[in-house]
Amino acid sequence: MEVLVELFGRIHPLVVHLPIGFILMGLLLLVYEQKVKANQKVLQFLFFWSGISALIAVFSGLVHYNLEGYSFESVQLHLFFSLLTTLLCWLLYFRLLNKFLPTTKVSFFGGTLFIALLLAGHFGGNLTHGDDYLVEPLPQAFKERLGWSSAPKQIEIDPSQIEILVWYDDLINPLLQQKCVSCHNPKKTKGGLQLHQYEAILKGGEHGEIINFSNPEKSAFWQRTHLPLTHKKHMPPSSKTQFSQVEMTLLETWVKEGAPKNDLLALNNARALLMPFFKSNEESLYPEEELQAPASTALKSLLDFNLIVLPVNQNSNWLEISAVNQPAFADQDLEKLLPLAEHIVVLDLSKTQVSDAVLTKLQNFPNLVVLKLDYTAVTGANFELLQPLERLTFLHLTHTLFESSYLEKLYALSNVKEIYLFNSKLSQDSASINLPEAQEKRILIGNFKLPKIASDEAVY
Amino acid sequence: MDPLLKLLEEYKTNRAQDNSRRHFLHNCTLGLGGIALGSMLQGCKTGENANPWYDAQRALNPLATLPPPFSPKVKSVIYLHMVGAPSQLEMFDYKPELQKLHNQPCPDSLLEGKKFAFIRGRPTMLGSQAEFVRAGQSGNWVSNYLPHFQKVVDEVAFLKAVKTDQFNHGPAQLLMHTGTPRFGRPSLGSWVTYGLGSENQNLPGFVVLSSGGTPDAGKSVWGSGFLPSVYQGVQCRSKGDPVLYLKDPNGVSRNLKKDIIDAINDINFKTFAQQKDPEILTRINQYEMAYRMQITVPEVMDISTEPEYIKELYGVEPGKESFANNCLLARKMVEEGVRFVQLYDWGWDSHGTDHSTAVDLGLRNKCREIDRPITALLLDLKQRGLLDETLIVWGGEFGRTPMQETREGKTMKYKGRDHHGEAFTMWMAGGGIKKGAVHGATDPIGYQSISGSVSVHDIQATILHLLGFDHESFTYDFQGRPFRLTDVHGGIINEILA
């Protein structure tokens, strides 16, 4: 008998489609009837069976709800609109028999029923497919604008925050939310286990506690996740997304540490443990927007001048220019590049004859990202001219005549992320230059030394 | 007329008469249609550049620079190959369990179904001869054989479970550098030079520097295989003439050489005007390049002009052939716009047959020889702003066993390890690499991988990816089919990418 009841519950997803079909058919006929007199008897027949099948659907749904461990909060909207749909079916049926509110228009009942049906169906679909099923395929930018952005697929950690991370909220919970909670939550509680909250984890599932504090490796949580992927009891199930190696290490460490909740990560290898989760700087180096193709006559003339002119990739119109084969390149030659000024994102003038004068024309290159002036005679005297270059990110000034008195001008270039000053005049002038703390991350003077150590000479 | 020639002439005439206009139209109409269709559909084009304008450049100069298919993370590669296969167990793969099993007989389970290059009978386990420390902020393990390297360990990403299916040096080196254990395929550097060209027109795009000896697989590991030979690696020597046969012969002045080349090129140009064969232009280009290289190569190859503190940083010995010199040269080359610099260092085959191949003696000396130079190379590239646009790859052709080698079943006087390809360590550093990452792990004795196993083709795919190529669509047509470096294998190792 129990089996039959369970089966009845499980056919709910099938049965619900019967009233949907009947109701839609009936509603279509109602609309059609306004033009051509359709048979009232047929309409009555349709809505009678709509009502009957809706009742069956509601009952099977209730059985299903009782047996599968859904929470009331999750099904309440679906239940409400399903009941409303059923009720409206019967009201419409009696209205068609002229036994109920005979003066009210039939189309009023029809319209309400249609809306109720849509909502009941939608909330039912959310239960089986997940809340974000419909919006998931929309473009990410669109979702973000509407404030629907879904949780990131990977946990991301800001390296500077590492000392204030707490175990559960910052690390373990995000992992479990991604990989476990879809089956172990109050709505759907496989194996009687819920993993959506810290307290629920400690409570365990139908086979008891899942964390063994005295012997972490004997924990059910540990063992089930460590079984071979092909094993029936392996978690997450082999068809679902698995924990990566680094995520496993993190979970293992957590269990070994006694599954703490609000404790800080007081481990000496915390950095190594978390490094794989550090935010990656995936943003593209070059501007993202599309650009018109550069004029081929302009390209040709630069090539004839023996410059290397290359798109940053085969499908890009952003250009990289290098004067590696044109050591005679001088300040006034920059004018030759002006026709392509918009296109140039990388400009390498290292080992050429350029001097401070070249800076005066550089502001005409609004999209420069990388500027290399290594081994040139620039001194930095007029570096405020680089201010308008909003995209400038990398500035190479090694082996130049850059003087320490102009450092302030570099500090003011706030959007530049990396500045290289190795072996410039500045680094030869004074042995130690104290950069402000904020600048140390951006400005690299280098002069690295490797001290002599005893093993340098040891012969074994 | 000679009767035989007459017969031949008659045969040719008959053959020619067979090929009448009527015959041609009758037999070849479908073929003509096919040719026309092919040119309309462009369907069979493979491995060609999407930008015809850059193709035109290539037709004039086979080393002309080309844009990569995707925005690259790095512009150049420095590949450090330790010829002979360095022992991961004495350098990077810390195995305290193996220490405990030191000198115990190897259990059958490790030997069953396995074939070794030299181990016969039942060997004993050999604990690591080095001491390990957690280095840097990443806390990654490095042995005391590499004290300097410990300071830059946060710059590199380790692959702790690289797998190769070759256990002899030659084939394993070929696999590592050409994607197959057999001869005849282009090397990694050749592929890259073919795909991207060479920036500095006065220098080769692909330079090979070796110290200690030539790899077992010979020059094929930097050969161009079926690619045009202009893409093969150019071996530069840090002692004597940098490039063999580049210097003018005795009694020939540079002016005379120029006259000779001009005269040859003049004739070649005239032939080109008649024949329109682009191969002739290639040849003209090569003559000119060789002439330019005569000046630039000796300049770049001269490390004595470097400032004293740089020489100290690398620990170079000008005038000698050493790995340290080659590291400094590699930095100079990359700074000058050389695309691919391949370093080979000979002498890592630590079998324990003598003092120099003992893992506690000779290997330690080899580690000392590379420790400072590699550390210096990373630091020097960094301070010049080049580390972000250069990829540094370190590795051997395979790894070494956790068992002590028992050559022909005999106990040996020195401690050594046999060839082992199941799981060994390599590392990468530079642009696009996740600093301080570790991917892959081996079992407690360092014998097999337990996770994150990567193949040689995975490494090649990753290197190509960082240079802006999709290893699956980067092909060259040869013998009727497109070939790729990674054959039908390989996947990008995302775990070590930033």
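This is a predicted model: local features need pLDDT of at least 70, side-chain atom pairs count only at pLDDT 80 or more; totals for chains, interfaces and linings use all residues.

Trainee: Which residues of α4(A) are buried?
Mentor: The buried residues of α4(A) include Leu43(A), Leu46(A), Phe47(A), Ser50(A), Gly51(A), Ala54(A), Ala57(A), Val58(A), Gly61(A) and His64(A). An α-helix has 3.6 residues a turn, so residues three or four places apart point the same way.

Trainee: What do those buried residues pack against?
Mentor: They pack against α1 (2–10), α2 (12–15), α3 (17–33) and α5 (72–96) of chain A.

Trainee: How many residues does helix α4 of chain A have, and what follows α4(A)?
Mentor: Helix α4 covers residues 40–68 of chain A, which is 29 residues. From first C-alpha to last, the helix reaches 41 Å, close to the expected 42 Å. Gly69(A) follows α4(A) and has a positive phi, near 75°.

Trainee: How many helices and strands does chain A have?
Mentor: Chain A has 17 helices and 7 strands. Of its 460 residues, 29% are buried.

Trainee: Turning to chain B, where is Pro67(B)?
Mentor: Pro67(B) is in the loop between α3 (52–60) and β1 (76–83) of chain B.

Trainee: Why does Pro67(B) count as buried?
Mentor: Pro67(B) counts as buried because it has 25 C-beta neighbours inside 10 Å.

Trainee: What does Pro67(B) touch, leaving out residues up to four places away in sequence?
Mentor: Pro67(B) touches Leu310(A), Pro311(A), Val312(A), Asn313(A), Gln314(A) and Tyr54(B). The C-alpha atoms of Pro67(B) and Tyr54(B) are separated by 8.3 Å.

Definitions and conventions. Residues are numbered from 1 along each chain as its sequence is written. Chains are lettered from A and ligands numbered from 1 in the order in which they are written. Helices (H or I, at least four residues) and strands (E, at least two) are DSSP runs, numbered from the N terminus. A residue is buried if 20 or more other C-beta atoms lie within 10 Å of its own, exposed if 12 or fewer, and partly exposed in between; C-beta atoms are placed from the backbone. Two residues are in contact if their C-beta atoms, placed from the backbone, lie within 7 Å. The expected span of a helix is 1.5 Å times one less than its number of residues.
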